[in-house]
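Please keep the sequence and the structure in view while reading.

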Amino acid sequence: MDNLTHSLVGAILGRMGLKRLTPRAVPALIVAANLPDIDSFVARLWGEDPIAAHRGFTHGIGGLVTMPFLAVAIIFIWEKLHPGKEGPLKLGGLLLVCFLGTLSHPLLDFATGYGTRLLEPFSHRWFYGDTLFIMDPWIWIMLILGLEMSWRAERLGKNWQRPAAWAFGAMLAYIGLNAAISLRAVVVTRPLVEHVATPQMIVAGEIPLTFWKRRMQWRGEGVGGAGEYDPVQGLNHATLDPAITPLRLDDPRLAAAAKRDKHVRAFLFWSLMPTVVEQGGRAFLTDQRFVDPQRKQRGGPFVISLDKP
C-alpha cells in the first residue's frame, strides 16, 4: 500500500488505545508502519536491484525482528533531541507499539496484487492477496473520518477510542468484501478461460475508485489475455477480451538479456505474470498485471527493453 495508508493505519491504531502505552506512541506507530519501505532506498547500497529487494527482508519475518528495534532507536533519538512534555518513554510499551506498527505494514501489502514476501529470509516465495489496489481512497476516507471523530471526542471528554475502533473495523470489513469479490471473480472467469486454453493462472486486479470491479488477467498454454468482472451486472457476469496474446517466454532475446542484465533477472524474480511483447521489431519484457500487452510500450518501471544497448 501507499505510505499515506500505512501512516493512517499507524495513527488509527494509536487512537484505538495504544497511545496509552507510552509517550510518543502515535509517532512511533507511524514510523514503524512505514519503516519496512526503506528496502527500496537502501537496496543499491548492497548492490541489489530495488524491484527485487522491495517487499523482501524488511517485509517478512526478518523485518519483524529488526524493524521494531530500529523504530525504537529513531524515537529515542528524537526524544533526546526534542524532549516531550508527556514524561519519559516506556521501553516495553514503545517496543510493543513499534512491533504492531511494523506488523501492520506487510499485512496491508499482502492484500494488494503487487504482493510481498512474508517468509523472508527463510523463503523467497511471493504472497498475493489480490484484494486491494495499492492506493485506495476509500480506505483514506474511512481512516481520516475515524481520526477526526476520535480527536473531536477527546476534546469533548467523550470516548475517543470508539470512533477509531469503528473506522478500523470498517476498513477490515471493506478488505473482507474486496477479498470475496476477487475470489468470486476468479471462480466466474475460470470457465470462460477454459473455452480458450487450460488455465494456469487467473488473477483479479483491483480497479481504483470502482473497487467492486475487477480487471482479470489469465494465462495458459503459452498464451494470455484479459477480461472484466462486475458484480453489479450480476454475480456470475464476467467477460473476456477477444484479444489473445502469446507470452513469448521462449524468445531467445529474453534468455540473452537475462544473462547480461541483472535488472532483467530481478524483474523475472519479481514478476508474477511475465510476458514478452514484440513491437516494431523490438522486444520488451513486462508483466500482464500492470501493462496491457496490446498497447504500445512506452517504457516505465514495468517495461524493459530486451534489445542490446
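Predicted model: local features only at pLDDT ≥ 70, side-chain atom pairs only at ≥ 80, totals over all residues.

## Helix 1 against helix 9

Helix 1, which covers residues 3–15, packs with helix 9 at an angle of about 135°, and the axes of these two helices are 8 Å apart. Angles over 145 degrees would count as roughly antiparallel, and helix 1 and helix 9 are therefore described as oblique to each other. Their crossing is left-handed.

On the side of helix 1, the residues in this contact are V9, I12, L13 and R15, and they meet Q161, A164, A167, F168 and M171 of helix 9. Sorted by class, the contact of helix 1 with helix 9 consists of 7 nonpolar residues, 1 polar residue and 1 charged residue.

## Helix 8 against helix 9

Helix 9 (residues 161–194) also packs with helix 8 (residues 137–155), here at an angle of about 170° and with the axes 7 Å apart. Because angles over 145 degrees count as roughly antiparallel, helix 8 and helix 9 fall into that group. Helix 8 passes helix 9 in a crossing that is right-handed.

From helix 8, the residues W138, I139, M142, L143, G146, M149, S150 and A153 take part, and their partners in helix 9 are P163, A164, A167, A170, M171 and Y174. The class count for the contact of helix 8 with helix 9 is 12 nonpolar and 2 polar residues, with no charged residues.

## Helix 6 against helix 7

The contact brings M67, P68, F69, A71, V72, I75 and F76 of helix 6 to L91, L94, L95, C98, F99 and T102 of helix 7. By class, this contact of helix 6 with helix 7 holds 12 nonpolar residues and 1 polar residue, and no charged residues.

## The largest pocket

The largest pocket contains about 570 Å³ of space. Its lining is made up of 31 residues, of which R215, Q217, Q288, R289 and F290 are the closest to the centre of the pocket. Two or more residues of this lining come from each of strand 1 (201–206), strand 2 (214–220) and strand 3 (223–229), and strand 1 gives the most, with 4 residues.

Divided by class, the lining of the largest pocket has 15 nonpolar, 9 polar and 7 charged residues.

## The cavity

When the whole structure is searched, 1 cavity of 30 Å³ or more is found. The volume of the largest cavity is about 50 Å³, and 13 residues line it, with F133, D136, Y174, I207 and F211 the closest to its centre.

The lining of the largest cavity divides into 9 nonpolar, 2 polar and 2 charged residues.

Terms used
Residues numbered from 1 in each chain as written. Heavy atoms only, no water. Contact = heavy atoms within 4.5 Å. Nonpolar A, V, L, I, M, F, W, Y, C, P; charged D, E, K, R; others polar. 1 Å grid on protein atoms, 1.4 Å probe; cavity = no way out; pocket = protein on both sides within 12 Å on 5 of 7 lines; lining within 4 Å. Points joined across faces, edges and corners; volume = space filled by probe spheres on them. Axes fitted to C-alpha atoms, helices over the stretch in contact; angles between N-to-C directions. Parallel < 35°, antiparallel > 145°, perpendicular 65-115°, else oblique. Left-handed = near helix turned anticlockwise from the far one by under 90°.
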